[in-house]
Amino acid sequence: MPKVSDLFFKTAIVWLIVGIGAGLQMAISGDHGAFPAHAHINLLGWVTSAIFGGYYALNPAKAARKIAMIQYGLYNVGLVVMLPALYLMLQGNTALEPIVAVGSLIVAAAVLMFAFVVFSSASARLASELSSATR
């Protein structure tokens, strides 16, 4: 499995654990005010990370490109900035809204980067470069 796929899958599991923890905290306290953050943790952290990992596992030539690892890093930086700030903002700390916005923009940039990877034909280019390098 490509390294970036492995990283996305491992990171997805971490976000799943965080999402379950947030859900348990809401259930135990009876305060479900942060449910949008819980949903974002699970959908952006767990599900989307796993989908990215699956795509890269199915496309190892694209996973081998430097942009794949940059996309992984940028996406997770965005999540780490956005998700805790969103959770705390929904708990009443409205001053964190600009931090949520910055994190959201970072996540959006990483998603656009992933779209570039998906729509690029670099896998064919990379394959031909590898075959010419081995001659």
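Me: In the crossing where H2 passes H5, is the hand left or right?

Reply: This is a predicted model. In it, H2 passes H5 in a left-handed crossing.

Me: What makes H2 roughly parallel to H5?

Reply: The axes of H2 and H5 come within 12 Å and cross at roughly 25°. Angles under 35 degrees count as roughly parallel, so H2 is roughly parallel to H5.

Me: Which secondary structure elements does the chain contain?

Reply: The chain has six helices and zero strands. Along the sequence, the pattern reads α-α-α-α-α-α.

Me: Why are H1 and H2 called roughly antiparallel?

Reply: Their axes come within 8 Å and cross at roughly 165°. The label is given to angles over 145 degrees, and H1 and H2 are therefore roughly antiparallel to each other. The crossing in which H1 passes H2 is left-handed. In the contact of H1 with H2 there are 18 nonpolar, nine polar and no charged residues.

Me: How do you know that H4 is roughly antiparallel to H5?

Reply: The axes of H4 and helix H5, which covers residues 97-119, cross at roughly 155° and come within 7 Å. Since an angle over 145 degrees counts as roughly antiparallel, this description applies to H4 and H5. H4 passes H5 in a left-handed crossing. Divided by class, the contact of H4 with H5 has 22 nonpolar, four polar and one charged residues.

Me: What part of the chain is buried?

Reply: Of the 135 residues of the chain, 36% count as buried.

Me: Why is Ala110 called buried?

Reply: Ala110 is in helix H5. Its relative accessible area is 0%, and buried means under 20%, so Ala110 is buried. The C-alpha atoms of Ala110 and Ile70 are 8.5 Å apart in space, although the two residues are 40 residues apart in sequence.

Me: What makes Pro84 partly exposed?

Reply: Pro84 belongs to helix H4 and has a relative accessible area of 40%. Buried requires a value under 20% and exposed a value over 50%; the 40% of Pro84 lies in between, so Pro84 is partly exposed. The C-alpha atoms of Pro84 and Ile41 are separated by 9.0 Å, the residues being 43 residues apart along the chain.

Me: How many aromatic pairs are counted?

Reply: The count comes to eight aromatic pairs.

Me: Why is the pair of Phe8 and Tyr72 called edge-to-face?

Reply: The ring centres of Phe8 and Tyr72 are 4.9 Å apart, and rings pair if their centres lie within 6.5 Å. Their planes stand at 85°, and planes over 60 degrees apart count as edge-to-face, so this pair is edge-to-face. Phe8 lies in helix H1 (residues 3-29) and Tyr72 in helix H4 (residues 66-90), 64 residues apart, and the pair links distant parts of the chain.

Me: How do you know whether Phe8 and Tyr72 are buried or exposed?

Reply: Phe8 has a relative accessible area of 0%, and Tyr72 has one of 16%. Both values are under the 20% limit, so Phe8 and Tyr72 are buried.

Me: What makes the pair of Phe52 and Tyr75 edge-to-face?

Reply: The rings of Phe52 and Tyr75 are 5.0 Å apart, centre to centre, with 80° between the planes. The distance is within 6.5 Å and the angle is over 60 degrees, so the two rings form an edge-to-face pair. Phe52 lies in helix H2 (residues 35-58) and Tyr75 in helix H4, so the pair ties together parts that are 23 residues apart in sequence. Phe52 and Tyr75 are both buried.

Me: Which residues form the aromatic cluster?

Reply: One aromatic cluster is formed by Phe8, Phe52, Tyr55, Tyr56, Tyr72, Tyr75 and Phe114.

Me: Why is the contact of Lys10 with Asp6 called a salt bridge?

Reply: The closest N and O atoms of Lys10 and Asp6 are 3.0 Å apart. A salt bridge needs a side-chain nitrogen of Lys or Arg within 4 Å of a carboxyl oxygen of Asp or Glu, so Lys10 and Asp6 form a salt bridge. The count comes to one salt bridge. Both residues lie in helix H1, four residues apart, about one turn of the helix.

Me: How do Lys10 and Asp6 come to be classed by accessibility, and what are their values?

Reply: Lys10 has 51% relative accessibility, which is over 50%, so Lys10 counts as exposed. Asp6 has a relative accessible area of 30%, between the limits of 20% and 50%, so Asp6 is partly exposed.

Key. Residues are numbered from 1 along each chain as its sequence is written. This is a predicted model: local features need pLDDT of at least 70, side-chain atom pairs count only at pLDDT 80 or more; totals for chains, interfaces and linings use all residues. Side-chain values use heavy atoms; hydrogens and water are left out. Rings of Phe, Tyr and Trp (its six-membered ring) pair if their centres lie within 6.5 Å; planes under 30 degrees apart count as stacked, over 60 as edge-to-face and the rest as tilted. Helices (H or I, at least four residues) and strands (E, at least two) are DSSP runs, numbered from the N terminus. Buried means under 20% relative accessible area, exposed over 50%, partly exposed in between (1.4 Å probe, protein chains only). Axes are lines fitted to C-alpha atoms, for helices over the stretch in contact, and angles run from 0 to 180 degrees between N-to-C directions. Angles under 35 degrees count as roughly parallel, over 145 as roughly antiparallel, 65 to 115 as roughly perpendicular and the rest as oblique. A crossing is left-handed if the near helix is turned anticlockwise from the far one by less than a right angle, and right-handed if clockwise. Ala, Val, Leu, Ile, Met, Phe, Trp, Tyr, Cys and Pro count as nonpolar, Asp, Glu, Lys and Arg as charged, and the others, Gly among them, as polar.
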